[in-house]
Amino acid sequence: MNKNELLDQFKEDCRVVSMANEYPGYVGEIKWIIFSSLAEEELAARYASVVVSFKPYLYMSMDQYAPVREFNNNDRKHRRRSEETYDVFGFVDGEAEMHHPELAYEDAVGEYDDLYSALEKLSPKQRDRIIKRFFEGKTLCEIAEEEGQSFQAISKSTACALKTLKKLLEQG
């Protein structure tokens with residue numbers, strides 16, 4: 001029997017578990033557990049060239065492997081379920097909106113109506129500047145350059161428009 005056939009047969013007859021992987025923090029002398037349905041003497045005789053790389057190892061019967069296999073299968077199942085089901089951000093009702101108000105939309109519909117009607121009450125220049133600045137994300141310098149105005153004029157006009165908007169929104 002060649003080396004590859006021997007390894008394939010060993011994999012069929014035995015299960016090898018790393019003590020370090022199975023028991024995090026383990027620092028003992030024994031590094032491996034070999035589970036097999038073969039008797040310990042038969043295992044050592046039949047697979048001497050294979051088990052030498054695992055020495056020192058702990059021998060256990062295949063019956064004792066069942067709880068290890070069951071635990072690992074259950075752990076894998078829950079890990080996969082978690083990866084496929086749960087969101088990495090862990091949204092909890094009310095908390096996501098508290099940290100990210102842009103995600104809250106249910107109560108905001110009426111507020112937007114108020115905002116749009118308040119915007120309509122501004123002068124056309126002020127309305128355009130507010131829309132460019134806060135809805136389109138342009139800087140005051142960009143708006144000034146587009147309109148051929150000074151930065152100070154745009155800044156003053158925008159500040160005045162914001163004060164007016166604030167008053168209109170407070171009045172309702």
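**Labels and their criteria**

Author: Read along the sequence, the chain follows the pattern α-β-α-β-α-α-β-α-α-α-α-α-α, with 10 helices and 3 strands. Helices (H or I, at least four residues) and strands (E, at least two) are DSSP runs, numbered from the N terminus. This is a predicted model, in which local features need pLDDT of at least 70 and side-chain atom pairs count only at pLDDT 80 or more, while totals for chains, interfaces and linings use all residues. Residues are numbered from 1 along each chain as its sequence is written, and side-chain values use heavy atoms, with hydrogens and water left out.

Reader: What makes Arg-46 and Asp-13 a salt bridge?

Author: The term requires a side-chain nitrogen of Lys or Arg within 4 Å of a carboxyl oxygen of Asp or Glu. For Arg-46 and Asp-13 the N to O distance is 3.5 Å, so the pair qualifies.

Reader: Why is Asp-13 called buried, and why is Arg-46 called partly exposed?

Author: Buried means under 20% relative accessible area, exposed over 50%, and partly exposed in between (1.4 Å probe, protein chains only). Asp-13 has 14%, so Asp-13 is buried. Arg-46 has 41%, so Arg-46 is partly exposed. Glu-42, with 35%, is partly exposed as well. Of the 172 residues of the chain, 23% count as buried.

Reader: Why are H9 and H10 called roughly perpendicular?

Author: Axes are lines fitted to C-alpha atoms, for helices over the stretch in contact, and angles run from 0 to 180 degrees between N-to-C directions. Angles under 35 degrees count as roughly parallel, over 145 as roughly antiparallel, 65 to 115 as roughly perpendicular and the rest as oblique. The axes of H9 (residues 140-147) and H10 (residues 151-171) come within 9 Å and cross at roughly 115 degrees. H9 and H10 are therefore roughly perpendicular to each other.

Reader: Which residues does a cis peptide bond join, and what is omega?

Author: The cis bond joins Lys-55 and Pro-56, with omega about -10 degrees. Pro-56 lies in the loop between helix H4 (48-51) and strand E3 (57-61). Most peptide bonds are trans.
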